Amino acid sequence: MKSLTFSRLICKGVGDLNMPELLHLQTIEDYRKYYTQKYCKKPIITFDGIPVYFSKSKFDHAFFESSRRDKNKDQSSSTRAERIDWIEATLTNPNAKSYQGWDKKRQRYDPRWRVNVIYEDYVVVLLIRIKKSEFLTAEFRTAYIADKSIDKIRKSPEWNKELLI
């Protein structure tokens, strides 16, 4: 596995951060292999102790975009793929902000959806599950640059595990 190199980034309200450099691989299939090797073998533990599980089936949702801005994700996104290492960095950074996700169907915020933000407008979206004895786990759903929605996300209610227990 490739070792990570870091560069500096100044983030609003957070200060000077080490962040992974963009990862440049040859093909989308190389990114798929990298994702499977790095994320699907064992969970990533968030800064607040929640194990996040990654499914191979979520790769296309996370690293493809719609060419027609509809729900059909038909083209790979180098912008998303190059930031593949930002997923772990966002989830494990204790300075990350966590917000409740928006449930479009119910038209309300839902604490089962957690949106993590640390690097500018880059977000990592998780679905939180509660297990027996109030133990939380999460499923990775997607990660992307929320350039059109970051202001709305940052105005969302903060995510708090007590809302689920």
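**Where S66 sits**

Where in the chain is the place of S66? Look at the loop between β5 (64-65) and β6 (75-76). Keep in mind that this is a predicted model, where local features need pLDDT of at least 70 and side-chain atom pairs count only at pLDDT 80 or more, while totals for chains, interfaces and linings use all residues. Residues are numbered from 1 along each chain as its sequence is written, and side-chain values use heavy atoms, with hydrogens and water left out.

Is S66 buried or exposed? S66 counts as buried because its relative accessibility is 14%; buried means under 20% relative accessible area, exposed means over 50%, and partly exposed is in between (1.4 Å probe, protein chains only). Leaving aside residues up to four places away in sequence, S66 touches N72, K73 and D74. A contact here means heavy atoms within 4.5 Å.

**The chain as a whole**

The chain has five helices and ten strands. These are DSSP runs numbered from the N terminus: helices are H or I with at least four residues, and strands are E with at least two. Of the 165 residues, 44% are buried. Take the contacts with a separation of 6 or more: 52% of them come from residues 24 or more positions apart.

**Helix α1 and the cores**

Let's pick out α1, which covers residues 28-39. Its buried residues are I28, Y31, Y34, Y35, T36, K38 and Y39.

Now for the largest nonpolar core, which has 34 residues. Such a core is a set of buried Ala, Val, Leu, Ile, Met, Phe, Trp, Tyr and Cys residues joined through side-chain atoms within 4.5 Å. F54, F63, I87 and F140 have the most contacts inside this one. Elements giving it two or more residues include α2 (59-63) and β9 (122-130), but α1 gives the most, with five. Not counting residues up to four places away in sequence, I87 touches Y39, F54, F63, Y122, V124, F140 and A143. There's also a second, separate core of eight residues, with Y99, V117, V125 and A146 among them.

**The six-stranded sheet**

Six strands form an open sheet in the order β3-β4-β10-β9-β8-β7, with mixed pairing. Two strands pair if DSSP finds at least two bridges between them. At the edges are β3 (44-45) and β7 (97-103), each pairing on one side only.

Strands of a sheet pair through backbone hydrogen bonds, either parallel or antiparallel. Which sense do β4 (residues 51-53) and β10 use? They pair in the parallel sense, over two bridges. V52 has A138 in β10 as its bridge partner.

Technical notes. The expected span of a helix is 1.5 Å times one less than its number of residues.
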